[in-house]
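Please look at the model below and find the ligand. The text then walks through its surroundings.

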Amino acid sequence: MPTREEILQALESVIDPEIRRNVVELGMVREIAIGDERVDVTISLTTNGCPLRNHFVVAVRKALRELGVDEVGVEFDVLSPEEKAALQRKLGQPVLPDGSGAPLTQIQNVICVGSGKGGVGKSTLTVNLAAALAAEGKAVGVLDADVWGYSIPRMLGLGAERPPVSAERKILPLEAHGLKVMSIGFFVAEDSAVVWRGPMLHKALNQFLQDVDWGALDYLLIDLPPGTGDVSMTLAQLLPQARFLLVTTPQPAAQKVARRAAEMATKVELDLLGVVENMSGFTTPGGERFAIFGEGGGQQLADELDLPLLGKVPLTMPLREQADAGRPLVLEDQDDAAAQAIRQAARGLIAATPELPPLLQALPELPVTQNVPAPTGASLPMA
Ligand SMILES: Nc1ncnc2c1ncn2[C@@H]1O[C@H](COP(=O)(O)OP(=O)(O)O)[C@@H](O)[C@H]1O
Ligand SMILES: [Mg+2]
C-alpha cells in the first residue's frame, strides 16, 4: 500500500472545479485511512448539498488507482465555520462557492475526439457522432477545443451569432440541429487567426467548461486540436471522467500518429474508449471499391491498444458536402454508407458508456435553472 505522503501527492491531481485549485492545497482532505486492501478518503466540502460530490468521487478514485489502489472509499463532511473563514481568507474571497457554479456536474459522459494529426476527419466525425447520439434520444453538447483550427461552427451552420449570457452570468451555448454548441469561433471575427499561448489557452478552455451553462447532458463531445498535449492536460484535470476516442485513417502512418496521441492521453490519465477509422475506402456508384488511404490501420490500432473498433467510415461525397453546407449528414441521409457507419459507431459509443453506477446516481438532482438570455452577446473576459 502507498504511504500517506504518496496518497496526498496523488490527491494533488484532484481539483475543486469551482475554486480551481487542488484539494490538498485547499486543506479539503480531512482524513486518509489506509487499510490492508483499501484506502478511505474523506473530503471536506464547503456546503452539505454540494453537487460536486460526483466529481470528487471520480477524481479521488482515479488518483488512487494510479497508485495501484483499486478499492477506494470516498466520504464527505463539511468544513467547520472556522475552517471556511480560514479558507476564505486564504483565497481572498468574501464568499466560498457552493458548487452551484459548476455546471459540469450535470454532464454524464465526456468524450474527447482526438487523432494526433489533422485532416483525418475528427471534426466531421465529432458533429456527425453528436447528431447521431441526439437521434438516439440523447442530450448532446459539442465543444470545439480546436482553438487554432476551429471548424465546428461552419460544419453546423453557425457563426454569425454570438452566444447569449444568462441572468446568472453564464454563457449559453448556441443550438443547432438539436445540439448545444460552443466554439472559440463564436467570439472571433470570421476566419481570423487566433494566437494562443499556454496560460491563455488553459484559461479559455476553463471558461468553456466552467462558465458555459451546458445544462444536463448525456454526452459532451470535445473536438480536440491535433497534437493535443496542452489541451488534453487541461481537460483531464477539469474533467477526470473524460474519455478519449481515437480517429485514424487506414494508413500505417496515420495510425502511428494516433498511437502517439493515445500514449499522451494515457499519460494525462484520460481513459481510452475506442477507435474509429475514417476514410476507409471509396466505393464508386458502379460498386467498385478503392482503398484510397490503404487498409487496416483502424483495426491494427484497436488491437494494439486493446480497444474496440467502433466503426469504419468510408469516404463519401455527401459527408463532405453536407459538412460544408453546415448540416450533419446523419440527419440528412439514412442510406449513405458513411452515415450508416457513423450511426453504428454512435450506438457502439452508447454501449461503451454505460450509465453511472447507482452510488453516483443516488446523489440529489440539481435544480434546473431557468435562464433568461440577455439581449447582448457574450464576450470572453480573457481576451
Ligand atoms: N469519410 C469522409 N468522406 C468524405 N470526406 C470526408 C470524410 N471525412 C472527412 N472528410 C472531409 O475531409 C476534410 C477534413 O476533415 P475534418 O473533419 O475537417 O478533419 P480534422 O478535423 O481531423 O482536421 C473535410 O473537408 C471533411 O469534409
Ligand atoms: Mg478539425
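What follows describes the residues around ligand 1 and the pocket that holds it.

This is a predicted model, in which local features need pLDDT of at least 70 and side-chain atom pairs count only at pLDDT 80 or more, while totals for chains, interfaces and linings use all residues. Residues are numbered from 1 along each chain as its sequence is written, chains are lettered from A and ligands numbered from 1 in the order in which they are written, and side-chain values use heavy atoms, with hydrogens and water left out.

Ligand 1 is surrounded by 15 residues (each with a heavy atom within 4 Å of it). The closest are G119, K122, S123, T124 and N278. By class, this shell has 6 nonpolar, 7 polar and 2 charged residues (Ala, Val, Leu, Ile, Met, Phe, Trp, Tyr, Cys and Pro count as nonpolar, Asp, Glu, Lys and Arg as charged, and the others, Gly among them, as polar).

Backbone atoms take part in the contacts. A backbone N or O atom of G119 is 2.7 Å from an oxygen atom of ligand 1, and a polar backbone atom of V120 is 3.2 Å from an oxygen atom of the ligand. At P314, a backbone N or O atom lies 3.0 Å from a nitrogen atom of ligand 1.

Which helix gives the most to the shell around ligand 1? Helix 4 does, with 3 residues (helices are DSSP runs of H or I, at least four residues, numbered from the N terminus).

Key: Polar contact = N/O pair within 3.5 Å; in protein donor to acceptor, adjacent residues only side chain to side chain. 1 Å grid on protein atoms, 1.4 Å probe; cavity = no way out; pocket = protein on both sides within 12 Å on 5 of 7 lines; lining within 4 Å. Sits in = over half its atoms within 2 Å of the grid points. Helix = DSSP H or I, 4+ residues; strand = E, 2+ residues; numbered from the N terminus.
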